Amino acid sequence: MNNSKRTHTLKYLLFASAAFLMSFSALSKEHKIILIHGLQVSQITNKSGSDVINDGETYWQTYWNNRADERIDWPAYERIEGKIATDWVWPKLKQISRSNLCADGCVLVTHSTGDLVARHIIDNQANWLENAGLTPLNIVATFDLAGAGGGSELADIAVSALTGAAWNFAVDAALKWWLGSDVAEAVGVLHDLKVNNARKISPFPDARTPRLRFVADGNEYLGLTGGFLKGNDDSVVASHSSCGASAAKSFGSCSSTIDTNGQLKSQGDAVNSFMPHHYPMMMSDSYSHNEIHNAQRKGNVTIAMNNINVDGQNVGFNTFDKTTGTWFWKKHYRYIKDSNTQSASALIYNVIP
């Protein structure tokens, strides 16, 4: 190869390398992302066949896995304040602290019961790590998708039914759709997910970590589970849980002025009091509980609250309004920009600072 060709090849490789680095930099986030998954039903139905690490990877594989920096995996057959904390969360917290991953701040992205696990972490991690001579994690926010931090009435009926209480066709059908037909006993995190139990786990963390909520309100399981959940629901958790309401009551929306389908109108059954530092941002009646954390787009989404301060930066969505019908049939809607083309997960990822 002559000198001119070598020079041309070298320039091309340098340019390609620079372009790759620029592309990687554009995709990277200022804050590191740590994933905390939700209930793994297969770990309850088949404990001996469970692989907690592989299950955790599979859980996020459609969208979040290759966009995150770490995961905290945990087994559904254990209790949050028991072996989930001691045998799974604690070793991972030590590893993350020693790696200095969160030196510039970390964001926890949770789904479902991961919301409750995250709350226990937020309340205890600083004390645990300091007592071990390690640096606490700088957790700047959580992004909670279909959060179950307020528990689920389905867990109440599951524990009741599977521990010998009265059983009927409706309960049987709901549990088979939610947990599967092979469930024979109520174990592990199902007890933590009972509404009263969930709300007693680290209810008032000292850390003032903003908890941003992303709420689904779509139907799943042929609607069989919704009859056991208070108010609007995503087929697994009710709006009091996913919105972050301070009380387990029947609610229709996280916002007093916007319905979950985006319609701008007064909401008489909206949540009016939230758990400390809980901020519902996104709502959608297009996504169900098990769809909101995946890569597929299901429909438009709307806003509840907007422009939340996270580590000195504004986190918010651009929105647009749309009017349909005329005269008495005229309706006004508000949607998050690009929700007509992007999935809920993509929209959420894009606003993580």
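## Stop 1: the sheet

Select Ile 34 and show its side chain; its bridge partner in S3 is Leu 108. This is a predicted model, so every value on the tour is computed. Now widen the selection to residues 32-36 and residues 106-111, which are strands S1 and S3. The two strands pair in the parallel sense, over five bridges.

Colour the rest of the sheet next. Seven strands make up an open sheet with mixed pairing, and the order to follow across it is S2-S1-S3-S4-S5-S6-S7. The edges are strand S2 (70-72) and strand S7 (302-303); each has a single partner strand, so one side of each is left without a neighbour in the sheet. With side chains shown on a strand, keep one point in mind: in a regular strand the side chains alternate between the two faces of the sheet.

## Stop 2: strand S6 and its partners

Select 278-284, which is strand S6. Is S6 enclosed or open to the outside? Six of its seven residues are buried, so S6 is largely enclosed by the rest of the structure.

S5 and S6 run parallel and are joined by six bridges. On the S7 side, the pairing with S6 is antiparallel and has two bridges. There, Met 282 has Ile 303 of S7 as its bridge partner.

## Stop 3: the helices on the sheet

Select residues 80-99, helix H4. Helix H4 lies across S1 and S2, and runs at about 155° to S2.

The buried residues are Ala 344, Ser 345, Ala 346, Leu 347, Ile 348, Tyr 349 and Val 351.

Keep Ala 344 selected. Ala 344 is in helix H11 and is buried, with a relative accessible area of 1%. Leaving out residues up to four places away in sequence, Ala 344 touches Met 282, Tyr 287 and Ile 292. To check one distance, pick the C-alpha atoms of Ala 344 and Tyr 287: they are separated by 8.4 Å, although the residues are 57 apart along the chain.

## Stop 4: His 293

Move to His 293, in the loop between S6 and S7. Is His 293 buried or exposed? At 6% relative accessibility, His 293 counts as buried, because the cut-off is under 20%. Show what is in contact with His 293, setting aside neighbours within four places in sequence: Tyr 59, Trp 60, Thr 62, Tyr 63, Trp 64, His 111, Leu 145 and Ser 345. Ser 345 is one of the buried residues of H11.

## Stop 5: a cavity and a pocket

Rolling a probe the size of a water molecule over the atoms shows where empty space is left. One cavity of 30 Å³ or more is counted, and the largest cavity holds about 70 Å³ of space. To find this cavity, select its lining: Arg 119, Ile 122, Pro 203, Pro 205, Ala 207, Thr 209, Arg 211, Pro 276, His 277 and His 278. The lining divides into five nonpolar, three polar and two charged residues.

For the second largest pocket, select Leu 39, Val 41, Trp 178, His 289 and Asn 290, which lie nearest its centre among 15 lining residues. The volume of this pocket is about 160 Å³. Its lining has nine nonpolar, six polar and no charged residues.

## Stop 6: a hairpin and two positive phi values

Select residues 319-324 and residues 331-336, strands S10 and S11, which run antiparallel and are joined by six bridges. Lys 322 has Tyr 333 as its bridge partner in S11. Six residues lie between the strands of this hairpin, where Gly 325 takes a positive phi near 75°.

Two residues other than glycine end the tour. Asp 338 has a positive phi of about 75° and is in the loop between S11 and H11; at 33% relative accessibility, Asp 338 counts as partly exposed. Leu 222 has a positive phi near 60°. Leu 222 is in the loop between S5 and helix H10 (239-242) and is exposed, with a relative accessible area of 70%.

Terms used
Residues are numbered from 1 along each chain as its sequence is written. This is a predicted model: local features need pLDDT of at least 70, side-chain atom pairs count only at pLDDT 80 or more; totals for chains, interfaces and linings use all residues. Side-chain values use heavy atoms; hydrogens and water are left out. Two strands pair if DSSP finds at least two bridges between them. Helices (H or I, at least four residues) and strands (E, at least two) are DSSP runs, numbered from the N terminus. Contact means heavy atoms within 4.5 Å. Axes are lines fitted to C-alpha atoms, for helices over the stretch in contact, and angles run from 0 to 180 degrees between N-to-C directions. Buried means under 20% relative accessible area, exposed over 50%, partly exposed in between (1.4 Å probe, protein chains only). On a 1 Å grid over the protein atoms alone, a cavity is a set of points where a 1.4 Å probe fits but cannot get out, and a pocket is an open set with protein on both sides within 12 Å along at least five of seven lines; lining residues have an atom within 4 Å of a point. Grid points are joined across faces, edges and corners, and a volume is the space filled by probe spheres set on the points. Ala, Val, Leu, Ile, Met, Phe, Trp, Tyr, Cys and Pro count as nonpolar, Asp, Glu, Lys and Arg as charged, and the others, Gly among them, as polar.
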